[in-house]
Amino acid sequence: MDTEKTATPLFTLDRVSQERGGTCILRDVTIDLPRTAVTALIGPSGAGKTSLLRLLNRLDDPTSGTVWFNGRPITEYPVGSLRRRAGFVFQRPTMFPGTVADNLRIAVALGNGSGGPPDPARVLEAVGLPPDIAGRRADGLSGGEQQRASIARALMTRPEVLLLDEPTSALDPEVAEHLLATVAHLSRERGLAVVMVTHRLAEARQFSTWTVMLEAGRVVEAGPTDRIFTDAKNPRTREYIRSAE
Amino acid sequence: MNAALLQQTAPAAADTIVVTWTDLGLSSALILVAIAISEWQRLGIARSLTVGAIRAVVQLVLVGYVLVYIFATSLWWIVLLALVVMLLAATSTATRRPGKRVAIGNRRTLWTISGTAMFIGSGLTLAYVTEIVLNVDPWYEPRYLIPLFGMIIGNAMNGAALAAERLAAEIENRRGEVEAYLALGASSARAAAEPTRRALLAALIPTVNSLMVVGLVQLPGMMTGQILAGQSPLLAVRYQIVVQFMLAGATAITGVIVVLWYRKTFFTDADQLATRVPV
C-alpha cells in the first residue's frame, strides 16, 4: 500500500488545456509531477508556467482536461481543504493588515489540516526569520522578509505541497539564493513537496530535483534536473538553456 | 397650471405667494447669468445649460400635471404604477456607468441586483414610514407616497451606484489580497470581506454626513418646501427627522443587498476570482 502511495504522482495533468479571452495558454498538457522533490517549471515568458501552477490549487480551472491530486480528480476535494493542502505563494507577497503574528493567525483561523496548527515560532524559524519579527507590522518588512513571511503563512495550514510562483523575482540574487536554500531545506526536512515557477535557470539547476520545460503552452520536456541541464533530449530545451546561460 | 387647479390639489396657506408664469420668466434671468458666465469664461457649457434649463422646465411641468392627475384620481394602482416607473428610472440611472466594466455578469446582472435591492430597501422603508410611522390613510394616499418615495429612491439610487462601483474598484485594486486569502482556503465571502466593508461604507458616508450637517449647512429641500408653503417650521422639522432616518435605513438596506449579491458575481462556484470581462 505504501509503495503504491509513493508511486502515485502528487499531481497528474491529463490533456489539460486552458484558454483565456480566446487565447490558448495551455495546450493539451499531460504530465506527472513527482511528490518527493522540488519541481521547477521553466520556460520562456508566456510559456504558461504560472497558469499551470494556478491550476494546482484551483485558483483557476482548466478549460478542458483533468488535474489529479493524490490520485483523485482535484475537483473532488472541497476547494478550501485542497488549498490548505497545496499552499500557494505568489510572485509578489501580499501581507494582510497587522503584524506578522496576525498574518500567521489568519491562516490558522481559516482552518487547517490534521494535527492542529504548528507553532508559529518554529515556522518562522523554519523560513529563516528571527522570532522577534512576529510582533512587527507585516507591511513594514523588506521584500525578502515578506516573501519568507508568505511562506510561513502558507505553512501554517500544514500543506503537503508548496506552490511557489517566481518567489524570488523581486529579490536581490543573494536574498533569493538564501530563500531557496531555505525552501530546499524545508522540503528535505519536512518531506514537503515543492513546485516552483522560475525564470532563473541557475535556481532551477541548483535547487530542484525535477524540471519541466514549457514553451507556448506545451510541455517540451520533463525529467530529473541533472539530466535536463546536461543532456536534454529536446533541441528546444537545449537551445533555451544555452540562450539563458 | 391655472390658479383653480393649484387650489384644487393643494390648498395652500392663505399667505403663500403663488409663483406666476411672469415670475418664472423673471427667474430665468438667473439661468441667463449662468449662460453668460459660461460664454465669457469659454466653459463650453452654454448649450448644455440651455438644453438643461429647457428640459428642467418641460420635465417639471409635465411631472406637475402627472402629479395633479394622480392626486385627483387617487387610484391605488395608478399610485403603484408611478412608484414602479420611479424605481425603473432610478435603476437605469444607478447602473448607467459608461465605460465601466462589470464582473462575470454583465450590465443586466447589475441592473437586476440594483433594481431588486432598491425595490426591497425603498419598498420596506416606504411601507414602514407610511403605515407604521405616519399612518397614512388610505394607504396609497399619493400626496404622501409619491414625494416620500421620490426622496427614498433618490438616496437608494446613489447608495446602490456608489456601492457597486466601489466594490468593483476595491476588488480590482485588492486582487492580490483577495487571492492571497483564497489561496489559504478562505471562502470568497471571507476573501472579499474588506472590499465589501469598504463598498458599503462608501455607500453610507453621504448619509452619515447628511445626518451630521442637516439644518446647519443647508435646509433640506422638503423642509424648505414645507416652510415656503406656510407650514410651521416645528412641524417641518419633525417631518425632516423622519425623512433623515428613513433615508439612512433605505440606503443601508439597499447598499447591503447590492454589495452582498454583487460580490458573488466576482467569484466562481469554486471560490475563484473571475476574470473580468468588458461589457
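## An enclosed space between the chains

About 100 Å³ of space lies in the largest cavity of this predicted model, a cavity being a set of points on a 1 Å grid over the protein atoms alone where a 1.4 Å probe fits but cannot get out; grid points are joined across faces, edges and corners, and a volume is the space filled by probe spheres set on them. Of the 14 residues lining this cavity, Phe88(A), Phe90(A), Ser150(A), Arg153(A) and Ala180(B) are the closest to its centre, where a lining residue has an atom within 4 Å of a point. By this rule the count is one cavity of 30 Å³ or more.

Strand S6 (86-89) and helix H6 (143-155) of chain A, together with H7 of chain B, each supply at least two residues of that lining; helices (H or I, at least four residues) and strands (E, at least two) are DSSP runs numbered from the N terminus. The lining divides into eight nonpolar, four polar and two charged residues, with Ala, Val, Leu, Ile, Met, Phe, Trp, Tyr, Cys and Pro counted as nonpolar, Asp, Glu, Lys and Arg as charged, and the others, Gly among them, as polar.

## The interface of chains B and A

Contact (heavy atoms within 4.5 Å) involves 15 residues of chain B and 21 residues of chain A. The buried area, which is the accessible area (1.4 Å probe) lost by the two parts on being put together and summed over both, is about 1,600 Å², and carbon and sulfur atoms give 60% of it. On the side of chain B, Ala183(B), Leu184(B) and Gln272(B) lose the most area to chain A, together 38% of what that side buries.

The rule finds one salt bridge across this interface, taking as a salt bridge a side-chain nitrogen of Lys or Arg within 4 Å of a carboxyl oxygen of Asp or Glu; the side chains of Glu179(B) and Arg54(A) meet in a salt bridge at 2.7 Å, N to O.

## Backbone features

A cis peptide bond, with omega about -5 degrees, joins Asp137(B) and Pro138(B), and Pro138(B) is placed in the loop between helix H5 (107-133) and H6 of chain B. In chain A, Arg15(A) has a positive phi of about 50 degrees although it is not a glycine, and this residue lies in strand S1 (residues 11-20).

## Basis of the values

Residues are numbered from 1 along each chain as its sequence is written, while chains are lettered from A and ligands numbered from 1 in the order in which they are written. In this predicted model local features need pLDDT of at least 70 and side-chain atom pairs count only at pLDDT 80 or more, whereas totals for chains, interfaces and linings use all residues, and side-chain values use heavy atoms, with hydrogens and water left out.

Key:
1 Å grid on protein atoms, 1.4 Å probe; cavity = no way out; pocket = protein on both sides within 12 Å on 5 of 7 lines; lining within 4 Å.
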